[in-house]
Amino acid sequence: MLVSDLQGNSTPSFYSAYLYIDDVSVTEKEFEIPNIFTPNGDGVNDHYIIDLEALGATGAEIYNRWGNCVARGEKFLYWDGKFDGKECNNGVYYLRLQLENNIVNGFIHLMK
């Protein structure tokens, strides 16, 4: 780049720009989601409950192996181990957790 003064004298010039960033913070949120529950009526782990708001999630669903949604929630995900009023079989169920900018998938084991 050439810079000229009012008399027409020019000299090569180099410019640098400095950018100052006042404050940057990045937070990573770690959480654990239970992957097993036992709805057998003994009073221990009989319900599958996740506080979705505490995780910053906007929703969650649980699906059986045939793709039927057996539980769904927006603020809380609650499942008692039943689908259409009938007890679900022991097995693995698919969990889909919707975060603000991401989807997390996992599995839940239902054991009686």
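This report describes the overall make-up of a predicted model and then the aromatic ring pairs found in it.

## Overall architecture

The chain has 112 residues, of which 25% count as buried, and its secondary structure comes to 1 helix and 11 strands. Followed along the sequence, these elements give the pattern β-β-β-β-α-β-β-β-β-β-β-β.

Where contacts between residues at least 6 apart in sequence are concerned, 45% join residues at least 24 apart. The chain exposes about 8800 Å², and carbon and sulfur atoms supply 50% of that area.

## Aromatic pairs around Phe-37

A search of the whole structure finds 5 aromatic pairs. In one of them, the ring centres of Phe-37 and Tyr-48 are 5.6 Å apart and the planes stand at 55°, so the pair is tilted, given that angles over 60 degrees would count as edge-to-face and those under 30 degrees as stacked. This pair links distant parts of the chain, since Phe-37 lies in strand 3 (residues 36-37) and Tyr-48 in strand 4 (residues 48-51), 11 residues apart. Both Phe-37 and Tyr-48 are buried.

Phe-37 also pairs with Trp-79: the centres of these rings are 5.2 Å apart and their planes are at 50°, so this pair too is tilted.

## Burial and the ring cluster

Phe-37 counts as buried because its relative accessibility is 2%, and Trp-79 is likewise buried, with a relative accessible area of 1%. Ring pairs join Phe-37, Tyr-48, Trp-79 and Tyr-93 into a cluster.

Notes: Residues are numbered from 1 along each chain as its sequence is written. This is a predicted model: local features need pLDDT of at least 70, side-chain atom pairs count only at pLDDT 80 or more; totals for chains, interfaces and linings use all residues. Side-chain values use heavy atoms; hydrogens and water are left out. Rings of Phe, Tyr and Trp (its six-membered ring) pair if their centres lie within 6.5 Å; planes under 30 degrees apart count as stacked, over 60 as edge-to-face and the rest as tilted. Helices (H or I, at least four residues) and strands (E, at least two) are DSSP runs, numbered from the N terminus. Buried means under 20% relative accessible area, exposed over 50%, partly exposed in between (1.4 Å probe, protein chains only). Contact means heavy atoms within 4.5 Å. Accessible areas come from the Shrake-Rupley method with a 1.4 Å probe; for residues, only the protein chains shown count as cover.
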